[in-house]
Amino acid sequence: MHVLFVTSEAFPLIKTGGLADVSGALPKAIKSAASFNGDIKVLLPAYRGVLSKLTAVKEVASIEALKQSCTLFSGYLPDSDVEVIAIKNDVLYDRAGGPYTDESGADWNDNALRFGVLSRVASLLSKQDSPLNWQPDIVHCNDWQTGLTPAYMKLVDQVTVKSIFSIHNMAYQGNFDGNVLSQLELPAQHFNMNGFEFYQQLSFMKAGLFYADQLSTVSPTYAKEIQTVHYGFGLQGLLKTRAEQLTGILNGIDTQDWNPATDSHLIKPYSDKNITGKKAVKKALQQQLGLSINPDAPLLGVVSRFAYQKGLDLLPSIIPQLVADGCQLAILGSGEKALEDGFVALQKQFPNNISITVGYNEPMSHNIMAGADLFIMPSRFEPCGLNQLYGLAYGTPPIVSATGGLADSVRDTTPETIKNNTATGFVLKNVTDASLLGTIQSAVKLWQDKQVWRKIQKNGMQTDVSWSSSANLYLDLYEKTLDLHKKTLSQ
């Protein structure tokens with residue numbers, strides 16, 4: 001089986017969020033799965049700096065897509081045997097800023113073309129005359145940036161190769177003015193509701209949902225949620241009609257990068273067998289962040305985008321009470337300016353109890369995950385979420401809302417779940433500031449019972465959050481897609 005895994009970001013090459021973590025880890029897990037006999041290649045744009053992070057880089061082909069001349073480079077993910085095909089076009093991809101936005105945070109005005117080219121190249125590589133002299137059996141597309149790939153495969157190149165489209169977040173859909181249609185070289189007759197048109201716009205997301213042979217998303221609960229008005233963002237009707245082709249598979253984490261027993265970012269390792277090193281990490285974190293060095297102060301961790309989706313707007317109003325209760329907060333992230341400014345103001349008000357670091361800092365994210373006593377994640381919706389899985393692995397019980405992958409991965413702490421050794425975290429009754437405060441206070445009270453707390457930590461740390469089981473479910477989906485194809489051909 002040959003798989004082309006198409007994505008707009010992959011850790012450690014380029015990262016803005018969870019998609020990068022998935023795209024860096026899942027192909028490795030698939031390749032190393034005992035039942036996988038074949039190969040997998042990751043396709044993504046060669047943004048500035050990407051080629052320098054690959055190993056064994058070489059030029060392998062030239063290709064033209066949407067009148068853009070591109071050079072394809074082959075290399076390998078660091079410390080991995082997973083091959084990456086990087087699309088080099090300096091006009092489109094070699095820019096300061098991020099993959100989707102400029103340095104000021106504004107969307108690149110040619111994103112339709114930039115990710116249209118990514119999708120088009122993926123389709124061209126699925127043809128028999130692929131310039132790589134290699135043809136996939138499955139093209140696995142990820143999120144809106146790759147959504148046109150199944151449309152190009154079916155409507156333009158008319159290949160028999162099968163496609164899977166994975167939804168990582170329905171809120172980001174890649175909707176553009178219809179005047180980009182000719183630039184993207186898509187057949188105009190499909191710019192309608194039974195195609196890629198969405199409220200007079202061209203939608204990359206809708207194209208993926210409509211034309212892919214199979215759909216997947218990042219948790220079983222989210223697969224159900226996106227078929228409702230509240231979570232479907234206008235596409236719930238289409239998703240309902242495709243419910244039989246929609247599979248929810250919970251994400252895993254890369255346990256090479258995220259393992260407290262081997263994490264090089266930590267001052268001292270620890271494990272579920274011996275957790276004493278966690279105290280040393282907490283002390284070092286308090287010192288690094290300028291918090292009072294106090295082992296008896298409950299330390300709450302936050303690593304997140306500051307966005308309405310994440311529910312972090314609930315925190316500022318309850319922080320004074322948390323400080324009065326003796327809590328400390330270590331907050332890392334960036335996003336909505338009002339939230340950034342609000343957290344900075346609270347840090348000035350409570351300098352010994354609150355630390356805010358605005359931006360992206362991978363080593364600090366590991367140390368917050370390891371040094372905190374509780375991890376705060378009150379998302380209003382969360383397709384899967386990875387941070388709660390890191391929390392489980394690092395013995396830092398998460399406080400979450402009952403949505404998406406959070407509902408699928410965190411078992412609420414109750415007298416019953418404590419007794420039967422299944423409690424791993426704390427689940428909010430409602431996504432409100434009062435509910436969040438009450439849940440944190442209840443968790444902190446339980447934290448003071450070290451015997452019960454150790455049990456909750458151990459339950460979480462012994463949970464299998466690796467990619468191995470999820471990778472096998474993706475392989476099952478690949479096989480199902482190919483079997484359906486074979487049945488169709490034999491009829």
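Biologist: How many bridges join strand 1 to strand 6, and which way do the two run?

Modeller: This is a predicted model, so read every value as computed. Strand 1 (residues 2–6) and strand 6 are joined by 4 bridges and run parallel. V3 has I138 of strand 6 as its bridge partner. Two strands pair if there are at least two bridges between them, so 4 is enough.

Biologist: What does strand 6 pair with in strand 7?

Modeller: Strand 6 and strand 7 (residues 162–167) run parallel, with 5 bridges between them. V139 is partnered by S163 there.

Biologist: What makes strand 6 mostly covered?

Modeller: In strand 6 (residues 138–142), 5 of 5 residues are buried. I138, H140 and N142 lie on one side, V139 and C141 on the other, and all are buried. In a regular strand the side chains alternate between the two faces of the sheet.

Biologist: Why is I40 called buried?

Modeller: Its relative accessibility is 1%. The cut-off is under 20%, so I40 counts as buried. I40 belongs to strand 2 (residues 39–45). Its contacts beyond four places in sequence are V3, F5, P27, I30, K31, V82 and E83. I40 and E83 are 43 residues apart in sequence, yet 7.1 Å apart in space, C-alpha to C-alpha.

Biologist: Which members of the largest nonpolar core touch the most others?

Modeller: L43, I167 and L209, in a core of 94 residues. Helix 4 (residues 111–125) gives the most to this core, with 9 residues. Apart from it lies another core of 35 residues, including V323 and W453.

Biologist: And what does L209 touch?

Modeller: Leaving out residues up to four places away in sequence, L209 touches F165, I167, M170, L215, L235, L238, L239 and R242.

Biologist: How do you know that the span of helix 17 agrees with its length?

Modeller: Helix 17 (residues 433–447) has 15 residues. At 1.5 Å a residue it should span 21 Å, and its end C-alpha atoms are 21 Å apart, so the two agree.

Biologist: Which residues of helix 17 are buried?

Modeller: S435, L436, L437, T439, I440, A443, V444 and W447. An α-helix has 3.6 residues a turn, so residues three or four places apart point the same way.

Biologist: How do helix 11 and helix 17 cross?

Modeller: The axes of helix 11 (residues 315–324) and helix 17 come within 9 Å and cross at roughly 35°. The crossing is right-handed. L315, S317, I318, Q321 and L322 of helix 11 meet D433, L436, L437, I440 and Q441 of helix 17.

Biologist: Why are strand 15 and strand 18 placed at the edges of their sheet?

Modeller: The open sheet has 6 strands in the order 15-14-13-16-17-18, with parallel pairing. Strand 15 (354–358) and strand 18 (426–427) each have a single partner strand, so one side of each lacks a neighbour in the sheet. Strand 17 (residues 398–400) pairs with strand 18 over 2 bridges. One of these partners V400 with V427.

Biologist: Which strands does helix 13 touch?

Modeller: Helix 13 (residues 362–371) packs on the sheet, touching strand 13, strand 14, strand 15 and strand 16 (374–377). Its direction makes about 140° with that of strand 13.

Biologist: What is the pairing in the sheet of order 8-10-9?

Modeller: Its 3 strands pair antiparallel, in an open sheet. Strand 8 and strand 10 (residues 201–203) are joined by 3 bridges. Q201 of strand 10 is the bridge partner of D177.

Definitions and conventions: Residues are numbered from 1 along each chain as its sequence is written. This is a predicted model: local features need pLDDT of at least 70, side-chain atom pairs count only at pLDDT 80 or more; totals for chains, interfaces and linings use all residues. Side-chain values use heavy atoms; hydrogens and water are left out. The expected span of a helix is 1.5 Å times one less than its number of residues. Buried means under 20% relative accessible area, exposed over 50%, partly exposed in between (1.4 Å probe, protein chains only). A nonpolar core is a set of buried Ala, Val, Leu, Ile, Met, Phe, Trp, Tyr and Cys residues joined through side-chain atoms within 4.5 Å. Contact means heavy atoms within 4.5 Å. Axes are lines fitted to C-alpha atoms, for helices over the stretch in contact, and angles run from 0 to 180 degrees between N-to-C directions. A crossing is left-handed if the near helix is turned anticlockwise from the far one by less than a right angle, and right-handed if clockwise.
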